[in-house]
Each structure stands twice: as C-alpha cells, then as structure tokens.
Amino acid sequence: MPGSLSSLVSSVPYPTKALAPFMLEDYRKVTIDQRGQEEQYSYEDILRCMKKVIALDLKQTVQVDKDLVIRAYYAGHVLGAAMIYAKAGDAAMVYTGDYNMTPDRHLGAAQIDRLKLDLLITESTYAKTIRDSKHAREREFLKAVHKCVSGGGKVLIPTFALGRAQELCMLLDDYWERMNLTVPIYFSAGLTIQANMYYKMLIGWTSQKIKDSHAVRNPFDFKHVCHFERSFINNPGPCVLFATPGMISGGFSLEAFKKWAPSEKNLITLPGYCVAGTVGHKLMSGKPTRIDLDRDTHIDVRCQIHQLAFSPHIGSKGIMDLTDVLSPKHVILVHGEKPQMAFLKERIESELGMPCFYPANNESVSIPTTHNLKMSTTERFITSCAAEQGKQSLRKRNLIHSTGTSEVNVSDEGEAEGVLLMETQGSKDFVA
C-alpha cells in the first residue's frame, strides 16, 4: 500500500538506521524497474519513515512504555544486525533475527547475556546444515578463483551488497596482495559502494581484529578492488566481478551471467543461500546445460559452477548451542524451510526438552507465561517465615528484599500467617 512505510515506528541500531534508506530504495527500484511490479512506496515515504526510527546502542535498555522494555544484543551476520530482548510485564522473549555465532573476517560472533526467557524466536535458515571449517572453505574458494583467472577466465561472484561482498572482498584483497596478482577485481556500482562507505565509518560495530588494525589502515579501503563500469563486461582477459543481487534474480549479476555463462573458461561461484525459482537456485540444484528465463530468453550454461557456504547465517549446531545457553521455556522457529524446521524441532524437543513450534504464515501460537506476584511486606514477616524453613528454604523461596518490596516465587510448600491486601479498580480487598 503506497505510503504505508511512513506509519511505522521502530527502534534499531545506528548502522541499521544509516543503511536502511539505501536498501529500501534499492529494493524499490528493483521491484519497479526489473520486475515490473506496482510501486508499493515512494522515496519520500522512506524519508518520512526514517524520521520515526529511533537509534539505540547495543545493550541499551529502552523503556518503551510502563509495561514494555527492549534491549539490543550484537548478532554478527551483517553490520548493525541485532537480537532483540523484549519484556512485557512478566513475559520475556528474545527474537534473534538473522545471526551468526562464528566470527568472520569483518564481524564478530553474536553475543547475548544469559536471560530468563519464556520464549525464544530464532531463525532456522540452515536448520540441518553442519558447517565445515571456515578456513577450509576459504582455501577452496581461493583455489577455484585462482585456477579460473590463471586460465584466462572470468569469475562472477553474485553476492549481497551488505555483508558477503565486504567479507569476500577482504579475503581476495589479502590473497591478491600475498600472491602479487594483477588480475583486476571489480564490484558493480550502486548499493555496494554506499555500504562500503558505512563499513569504513562504523568500525566500532565490526570484529576486534578490524578495530585493532584500523589505526594502521582501514581494512575496507581495498587495494586490489575497484569500481566496475558497465562497458567492461565485454573486455577480453581474466577478471573477478562481485555483482548484485546474490541469487541472480535480476540486476547486474543476471546481466553478467548471460554474457559469461556460455564460456567454459569462466566460473560462477555462489557463496550463499538462493531461494527456489531463482537462477542461483537452479545452478545450485545441479549443473544445468540451459536455463530458460522466459519463453524467449534462453542461456546456454557451459561455465564452471562452484558453490560454497559463505552465508552469514548460523548453522544447526549454533542454533542448538544458543537455545541451550538461553534455556527458554518455549522455542519458535522462523525463516526456514519446512522440512528442515521439522528436523530441528525434533532435536530441540528431544535433546533440550523444550516445546518447539514452527508456525506457518498467519498461523497463531499460544505461549503460556509465568506471572510473579509482587507484594509489600515487612522484614519481620520474612524473618519469621525463614526461621521455620531455614536458610536453605529461604534461598529456594527466592525472597528478594528491596526497599520493603519482595518478589516471591514459592518453590516448596509451607504455611505462614499474614494479611494480603489486594487493590482492584480503585477498591481494596483484605484477605486474612
């Protein structure tokens, strides 16, 4: 619905607020110019929307209203990604969004406190994937790229502008420096350039290694990576090109694929997840000899195809580890494929003993929560109860005495005499 973005109000980390306008505008252009869809919102809507966004720091606690508290935790994945802790009354939950528990070249691993949770909502993109060594994946990737360019071929790396482009550019830039290679490395214009600009500025949100080396040289000032002009696509000789979008669903990555796929000398390397129906997914599902884009457009595929898991999403072990550490009372899986989510649900329930759900779109799930009773009492009353049960029972009862107010979680049975004062809608009831 046009104009609907301007009605949103949200709190996001600072890098997300900085990058969101560019990403929303890029998506708007893709849907209109390349997919021919009706305009859902305008650039003016984006600007109005961003005026309503409140930026927050990591671990900053925000009291949204008298009942709702939120806090952001570092999620890795991409610049500015955050897990959100929310507590409404007594009910507490964490929504992970996309996250990564493994540090990479430019971002650190996700970090979160041990929290008492009623619910964890976690992504499950790679619910069944067991990741191999990151260094082994990097060596395999570099070997494939080097072999192709040494044979005079062109390497197309379809990638997302935010995250994977920076990670792989750093990897290749360092390798080119060590191997003294002169073959040009390009990235296509547009969103990638804008994203790189913010990576250079927001060093504080990157990995510790990047922060430590920043004083000597900004790691995002690549020595061997330069801007790609559209006219270069027909240039002879080897090269490496980063182009968006990552799934070859349109844009310049599709344009370069059409040109380079018919040559056996060239290489298409797919570093991440591709949705069913995209060209990237067809290439990952088995080497096709021809891809039909539509009734009139056919692409002969004779190039080499290489797939590597450089996705910034967490693998199944990481999902299980985070769930085990947070120990929520319930788990909901989102952002995954149904068979893989069913597999992970079974693991969580059998190995961790937590009820787990993976609801379909528009399906509701009811999650019971714990309610704590807050009461005002005297120190004498607490002491008299504790004297009967002993110090051990006092710890079990978790009587937290602070300025005359205690939060009582009774974990064993016992009797105590007193008066309970309850207030309901302006009237007071006494229960002896």
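Here are some notes on this predicted model, taken sheet by sheet, with a helix and the cysteines along the way.

1. **Ground rules.** This is a predicted model, so local features need pLDDT of at least 70 and side-chain atom pairs count only at pLDDT 80 or more, while totals for chains, interfaces and linings use all residues. Residues are numbered from 1 along each chain as its sequence is written, and side-chain values use heavy atoms, with hydrogens and water left out.

2. **The parallel sheet.** Start with the open sheet of six strands, in the order β10-β9-β11-β8-β12-β15 and with parallel pairing. Helices (H or I, at least four residues) and strands (E, at least two) are DSSP runs, numbered from the N terminus, and two strands pair if DSSP finds at least two bridges between them. The edges are β10 (225-227) and β15 (304-307), each pairing on one side only. On average, neighbouring strands here are turned by 25° against each other, direction ignored. Axes are lines fitted to C-alpha atoms (for helices, over the stretch in contact), and angles run from 0 to 180 degrees between N-to-C directions.

3. Buried means under 20% relative accessible area, exposed means over 50%, and partly exposed is in between (1.4 Å probe, protein chains only). In a regular strand the side chains alternate between the two faces of the sheet.

4. **Helices on that sheet.** Helix α3 (residues 134-150) lies across β8 (154-158), β11 (239-243), β12 (267-270) and β15, at about 140° to β8. Helix α7 (residues 251-260) also packs on the sheet, touching β8, β11 and β12, and its direction makes about 150° with that of β8. Contact here means heavy atoms within 4.5 Å.

5. **The mixed sheet.** Seven strands make up another open sheet, ordered β3-β4-β5-β6-β7-β16-β17, with mixed pairing. Its edge strands are β3 (61-63) and β17, each pairing on one side only. β4 (residues 68-74) is antiparallel to β5 over seven bridges, with Y73 opposite M83 in β5. β5 (residues 82-88) in turn pairs antiparallel with β6 (residues 91-95) over five bridges; A86 faces M93 in β6, and K87 has A92 as its bridge partner. The β5-β6 hairpin leaves two residues between the strands, and G89 in the turn has a positive phi of about 65°.

6. α9 packs on β5, β7 (119-123) and β16, its direction making about 165° with that of β7. α10 lies across β16 and β17, at about 165° to β16.

7. **A closer look at α10.** The 15 residues of α10 (residues 338-352) should span 21 Å at 1.5 Å a residue, and the end C-alpha atoms are 20 Å apart, which agrees. That expected span is 1.5 Å times one less than the number of residues. Which residues of α10 are buried? They are M341, L344 and I348. An α-helix has 3.6 residues a turn, so residues three or four places apart point the same way. The buried residues pack against α9 (316-326), β16 (330-334) and β17 (356-357). The face turned away from the buried side carries exposed P339, E346 and S350. Just after the helix, G353 takes a positive phi of about 70°.

8. **Cysteines.** How many disulfides does the structure hold? Zero, with a disulfide taken as a pair of cysteine sulfur atoms within 2.5 Å. The closest cysteine sulfur to that of C148 is in C239, 8.9 Å away and too far for a bond. For C303, the closest cysteine sulfur is in C148, at 9.2 Å, also too far for a bond. C148 is buried at 3% relative accessible area, and C303 is buried at 0%.
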